[in-house]
Amino acid sequence: QVQLVESGGGLVQAGGSLRLSCAASGRSFSSYDMAWFRQAPGKEREFVATINWSGRSTYYADAVKGRFTISRDNAENTVYLQMNSLKPEDTAVYYCAAQRSGGTSWHFWGQGTQVTVSS
């Protein structure tokens with residue numbers, strides 16, 4: 001089991017930056033692949049980025065590629081999402097998720113953190 005708590009959301013102007021954090025509690029954080037998802041008002045939850053257990057492999061949605069960077073610190077049980085060049089369409093609740101390395105379903109979710117980008 002792993003519990004996830006996101007932080008770092010807020011209000012920012014278009015073109016600005018934010019860094020989200022997701023702190024994990026529980027055992028064996030380094031055995032979990034991690035991901036960020038987001039859900040905008042009236043839309044379905046969508047994938048943003050993922051990082052494997054070691055941090056050596058990452059993958060991004062086309063909408064954020066080149067602007068967002070996912071990283072992790074296994075010693076601190078934390079995963080990050082650095083978001084640069086933010087756009088109003090990035091406005092959403094951002095969720096952290098975890099799955100056992102090599103798994104096929106994101107079993108563990110945080111409560112989400114709101115990101116609002118003003119134009």
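Hi everyone, let me start with a word we need: a residue is buried when its relative accessible area is under 20%, exposed when that area is over 50%, and partly exposed in between, using a 1.4 Å probe and protein chains only. Another term is strand, a DSSP run of E with at least two residues, numbered from the N terminus.

What you see is a predicted model, where local features need pLDDT of at least 70, side-chain atom pairs count only at pLDDT 80 or more, and totals for chains, interfaces and linings use all residues. Residues are numbered from 1 along each chain as its sequence is written, and side-chain values use heavy atoms, leaving out hydrogens and water.

Let's look at strand 8, residues 78–83. Is it enclosed or open? With 5 of its 6 residues buried, strand 8 is largely enclosed by the rest of the structure.

Now its partners; two strands pair if DSSP finds at least two bridges between them. Strand 7 (residues 68–73) runs antiparallel to strand 8, with 6 bridges joining them, and Ile70 stands opposite Leu81. These two strands make a hairpin with 4 residues between them, and Asn77 in the turn has a positive phi of about 55°. Strand 3 is also antiparallel to strand 8, again through 6 bridges, and here Arg19 faces Gln82.

Which cysteines form the disulfide (a pair of cysteine sulfur atoms within 2.5 Å)? They are Cys22 and Cys96, with 2.1 Å from S to S. Cys22 lies in strand 3 (residues 18–26) and Cys96 in strand 9 (residues 92–100), 74 residues apart. Both are buried. The S-S torsion is about -80°, so this disulfide is left-handed.

Notes. A disulfide is a pair of cysteine sulfur atoms within 2.5 Å.
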